[in-house]
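Hello,

Here is the structure I promised to pass on. Have a look at it first, and my notes on what turned up follow below.

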Amino acid sequence: MRLFSRVAICLALLALGACDDGGDGGASPNDGGASPDAGASGSVYVVGLLADLGEGMPPGVERAVATIAAAGGVRGTHTLEVRAVDIAGMAPEAVVEAARPLLDDAAVVALIGPETSAQMMALAPVAIEAEKPLVAYRPVASEVRRAFAGSPYVWRTRPGDAFQLDWLIRQARADGVDSLGLIVGASPDAAGAAGWFGFFAHAAGYGPDALRVAAHGDASSCADAIAAFVAEPPARLIVAAGTDAELACVAEALDAARSEDGALATDVVVADLGADLTGTVAGLGAASVGLRGWASADATLGLDAAAHDAVLLVAYGLERSGGEAGAALAQGIDDALRAQGPRHGFDADGYARTAEALRAGEPVDVVGAGGSLTFAEGGVDLAGATLGQWRSDAGTLTVDRYVDVGGPGGEPAPDLAGEPGADTFVEPPGPAPDVFAPLVMRPASHRALLVAATGGWGGYAHQADVLARYQLLRARGLSDDDIILVGEDLADHPLNP
């Protein structure tokens, strides 16, 4: 039984007016100020939630709200209300319109969601303009970090695609796997994995002959891609599925290709890139036998730790900002995540002790159900996470163990700057660089050929990567005479803001 004696959870299915809180059109008691302090005219902070509500409120959200209530509320006295909007199946532009009532309501201090990276890319600029912090718990695509790193308004509590793929490849190398395959779906949350795959595999010591990649966009191409892997299986196949349909399609194709003894054609590991692992695996039943993977998880929350921690991030920001919303809350979230110190856990007692430290301006390591909430330089992405290793037995997903990856006390966080080769880059003298900082190049003896091979606006992420690398090379001493740059000029593209 869940207890909500001090919790107000309001489900607004597309129309916020469906929530009756006393006839004031859905407004909170503290409506009417750009930087509401609920203590001035009420005792409620309102957080907007944009999610697929087909099965109700995400359990992690409910759990976090109940924990905060058990701790006495935000700032010791204030109830946290979650006002939800159902965005199931919406296009990115439709999500922005569905979020308008939340964005325009001064009582709503922050937004949690949405479901996909494409939706987040559309919503984040609007949220920033409205000075509403946006915390996502499902999107993982690298393009989100590229676009919004450095903004205190944009965060996400699920490890990004690059972080997860690097971890899976490192695990394969540690397990002695000699060849790797990757199958990716067409959704933005999955497609970015193809770009990172060769990069991290090369860094881990895999040669081109040991790697295979296949992409799919529908059920037919999915079956064809799996058939190709089955004909010549790699030692391990990494599944990058950004949607439930992508994961189901791959799992069913693998199931259809089982050997007579029921074994899968190869060792299959599923990345946690946006699909609802728990729900999809359960729906597959026997077809999911043999699937396994790593996910941001906590034993007490199933696989919903990221949703739980999104709520905590907003609440801790309010503790730090003294209850102020807008730019003060954004800065409060950023400040709360920067000051490392003692750890107090994420139960009611842990929340109360962490909140007290934040209010007092004392350093504290903010911890959530998914591990230490330590973010990389520039924000947006976690620098570490607690990952659970799961397996499926006829639709029942079981987590066998948890591993801290990065963050305080954990294994080293992935170096997303990479090190293509000892002859090209050398480590700078002095303290170790931040995990996202580029290593220093020897400019006197090098030339560069930079090619963005993906054209059009759909290839924006790859074009941006090449242009960023160009800027880094120039900053480290190469001139234009040393660099050949091949790509498209997207500066004047009509979709470029």
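Contact here means heavy atoms within 4.5 Å. With that in hand: among contacts in the protein chain between residues at least 6 apart in sequence, 69% join residues at least 24 apart. Please keep in mind that this is a predicted model. The chain has 497 residues, of which 52% count as buried, and its secondary structure comes to 14 helices and 19 strands.

Let me start with the second largest pocket. Its volume is about 970 Å³, and 41 residues line it. Which of them lie nearest its centre? They are Asp52, Glu115, Arg138, Asp244 and Asp276. Sorted by class, the lining has 18 nonpolar, 13 polar and 10 charged residues. Helices α4 (117-129), α7 (188-203), α10 (277-284) and α11 each give at least two residues to this lining, and α10 provides the largest share, with four.

Helix α11 turns up again in a helix pair. The axes of α11 (residues 305-321) and α13 (residues 348-359) come within 8 Å and cross at roughly 35°, and the crossing is right-handed. On the α11 side the contact is made by Leu312, Ala315, Tyr316, Glu319 and Arg320, and on the α13 side by Gly350, Tyr351, Thr354, Ala355, Leu358 and Arg359. By class, that gives six nonpolar, two polar and three charged residues.

Now for the cavities. Searching the whole structure finds two of 30 Å³ or more.

Most residues other than glycine have a negative phi, and most peptide bonds are trans.

- The peptide bond from glycine 113 to proline 114 is cis, with omega near 0°. Proline 114 sits in the loop between β4 (108-112) and α4.
- Glutamate 131 is not a glycine, yet its phi is positive, at about 60°. It belongs to the loop between α4 and β5 (134-136). With a relative accessible area of 39%, glutamate 131 is partly exposed, because that value falls between the 20% and 50% cut-offs.
- Valine 380 also has a positive phi, near 70°, in a residue other than glycine. The loop that holds valine 380 runs between β13 (371-372) and β14 (385-393). Is valine 380 buried or exposed? Its relative accessible area is 0%, so valine 380 is buried.

Aspartate 482 has a relative accessible area of 16%, and it counts as buried because the cut-off is under 20%. What does aspartate 482 contact, leaving aside its neighbours within four places in sequence? Its partners there are His446, Arg447 and Ala448.

Happy browsing, and do write back with any questions.

Best wishes

Conventions:
Residues are numbered from 1 along each chain as its sequence is written. This is a predicted model: local features need pLDDT of at least 70, side-chain atom pairs count only at pLDDT 80 or more; totals for chains, interfaces and linings use all residues. Side-chain values use heavy atoms; hydrogens and water are left out. Buried means under 20% relative accessible area, exposed over 50%, partly exposed in between (1.4 Å probe, protein chains only). Axes are lines fitted to C-alpha atoms, for helices over the stretch in contact, and angles run from 0 to 180 degrees between N-to-C directions. A crossing is left-handed if the near helix is turned anticlockwise from the far one by less than a right angle, and right-handed if clockwise. Ala, Val, Leu, Ile, Met, Phe, Trp, Tyr, Cys and Pro count as nonpolar, Asp, Glu, Lys and Arg as charged, and the others, Gly among them, as polar. On a 1 Å grid over the protein atoms alone, a cavity is a set of points where a 1.4 Å probe fits but cannot get out, and a pocket is an open set with protein on both sides within 12 Å along at least five of seven lines; lining residues have an atom within 4 Å of a point. Grid points are joined across faces, edges and corners, and a volume is the space filled by probe spheres set on the points.
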